[in-house]
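Please keep the sequence and the structure in view while reading.

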Amino acid sequence: MAVQFPELPAIAVEDNDMECCPERFPDTPSPVYCSSRPMPDLATFVCFQGACFSDVQGECDTRASTASIESTPRKPEPEMAGTVLAPHDMSVGMQQYMFQPESYLFGAGDSATDGMAYVGMDMHVVPLGLDSVMMWGEDLGTPSVAACMQQARRQARKKNLQHSSLREYGIDLLPCCMEQRSSRLIAELLQQDWERGQVDFVVIQTILHGAHQLALDRNGKDVLATLAMLGSELILSHLVASLRGCFLAMALHGQGCRLLQKLVELSNPALLHEIAVELQGSVLQLIESQYGNHVIQRLVENMLPQHIAFIADEAELETLMLAQHPYGCRILQLLIERCDSPSMIRIMQIATAHCADLCAHQYGNYVIQHIVAYGPETLVEAIVDTLCGNIEGYCSHKYASNVVERAATQRHCTPALIDACMRTSSTGPGLALDSLVSCCFGNFVVQRLLEVSPRHDLVARIRFLSPGLKGYGKHVQQALLRLGVR
């Protein structure tokens, strides 16, 4: 592979790529060097002003210029201090990463099997091996961090070794937590350290210190989620405390809402209350948000019923809007199931009063269905009375038929619905049932009535209609056979 380092006075290449150098670097004024034989320990050489920097076994010759070959590296130019060269990591290694002036290298170990080299502040080129530990400033090009960590892990696997602590990598954790590959490695190492009982609280404290920044980052939020899922109440409480003042921004953010949902699922009632207090007053904003509505759903599902009344209090102000909202209807359904506060009763009363409109609405029909299934008996009876007043119209409607079908599953509602179906049709000769049997939506209501209460008069009427049934009516006939009704 041919590698170009723009700020270097020379270019390092491998001998099998020598023929492509003129095409890849046509305007390069610097000399081009190549290895004279394959080098398993360090396949790429970095040359400065005619000197080859490799291990003591390295050999090289020159093309287009003459260079003195030395087994001991010469010091590079001062401006090269703090540079990492990773020629074999294909995703990041074809670049040059400049470190902060305060960066340094210590603990250089065995040979650089993966061909990484570092120009230290002492102006020496040092190969990076298994035991190499690097520290750097904030302006680090983070992909090279992942390369260094991955190289060390590959070497550890080859030698059946393990790092005892994440701190052994000596990395600046916050920028690494926001890089894709590094964040995955950090999350994995945190989990491994915890399972081995070697958790490093200095590392955890460093991550928590930057929690506000990490919570809204695509990769950083996964590292925080790993901390939350370690199973430690102490770490979880410190994480929630570190994110104070950030919960609303997280709930409205595409990445932050995922972390916040995880915190809600894992937190105890005291921590849940702390999160909920910060979101009070913004419930409507969150419900209408494509991200925030999921946070409200998790709160309703995980908080004690007496503690979610504040959500119903704010939702009551916009009951009809929320009932017809794609996200709001989900929240109202959960509240109907779990909340029995006075404001929730008023919400159900408002929805019941507008039953005719909500039954025929794409989202509102789900709210009415939940009132039928979980609401007070008086409200359920009011809804059934509305349905029976126009049974053909509701059973023939795409959305309203779902409400009738849900009401049919409630045994105390079934007799009134069957009575309505057995009345004279308001749209044609015969009974209302006659048209519903062959209706694309109504036939499902009839099948449900047969399953719940196969009343004699209902079965007799369907058998009377059977000879002339076709299309959707055949489904009702099959339901009779399936149920074994005589």
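Angles between axes count as roughly parallel under 35 degrees, as roughly antiparallel over 145, as roughly perpendicular from 65 to 115, and as oblique for the rest. The axes themselves are lines fitted to C-alpha atoms, for helices over the stretch in contact, and the angles run from 0 to 180 degrees between N-to-C directions. The model is predicted, so that local features need pLDDT of at least 70 and side-chain atom pairs count only at pLDDT 80 or more, while totals for chains, interfaces and linings use all residues. Residues are numbered from 1 along each chain as its sequence is written, and side-chain values use heavy atoms, with hydrogens and water left out.

**Overall composition**

The protein contains 27 helices and 12 strands, where helices (H or I, at least four residues) and strands (E, at least two) are DSSP runs numbered from the N terminus. Of its 486 residues, 52% are buried, a term that stands for under 20% relative accessible area, with exposed meaning over 50% and partly exposed in between (1.4 Å probe, protein chains only). Contact means heavy atoms within 4.5 Å; among the contacts between residues at least 6 apart in sequence, 64% join residues at least 24 apart.

**Packed helix pairs**

Two packed helices are described by the angle between their axes and the distance between the axes.

| Helix pair | Angle between axes | Distance between axes |
|---|---|---|
| α19 and α22 | about 10° | 9 Å |
| α25 and α27 | roughly 15° | within 9 Å |
| α5 and α8 | about 25° | 10 Å |

Helix α19 is therefore roughly parallel to α22, and their contact is formed by N365, I368, Q369, V372 and A373 on the α19 side and by N402, V403, R406 and A407 on the α22 side. G364 belongs to α19, which spans residues 364–374, and G364 is buried, with a relative accessible area of 0%. Its C-alpha atom is separated by 9.6 Å from that of A400, a residue 36 places away along the chain. When residues up to four places away in sequence are not counted, G364 touches A323, Q324 and L358.

Helices α25 (residues 442–452) and α27 (residues 473–483) are likewise described as roughly parallel to each other, and α25 passes α27 in a right-handed crossing. A crossing is right-handed if the near helix is turned clockwise from the far one by less than a right angle, and left-handed if anticlockwise. From α25 the contact involves N443, V446, Q447, L450 and E451, and from α27 it involves H475, V476, A479, L480, R482 and L483.

Which residues of α5 are buried? In this helix, residues 201–209, they are V203, I204, I207 and L208. These residues cover an arc of only 135° around the axis, which puts them on the same side of α5; the arc is that of the directions from the helix axis to the C-beta atoms. What covers them includes α3 (173–177), α4 (180–195), α6 (211–215), α7 (220–228) and α8 (233–242).

The angle of about 25° between α5 and α8 makes α5 roughly parallel to α8. Their contact is made by F201, I204 and L208 of α5 together with I235, H238, L239 and S242 of α8, and α5 passes α8 in a right-handed crossing.

From α3, L174 counts as buried at 19% relative accessibility. L174 touches T206, I207, G210 and L214, again not counting residues up to four places away in sequence, and the C-alpha atoms of L174 and L208 are separated by 9.5 Å.

T352 counts as buried at 11% relative accessibility, whereas I350 counts as partly exposed at 28%. Not counting residues up to four places away in sequence, T352 touches I371, L379, A382 and I383, and I350 touches T319 and L320. The C-alpha atoms of I350 and T319, which are 31 residues apart along the chain, are separated by 7.2 Å.
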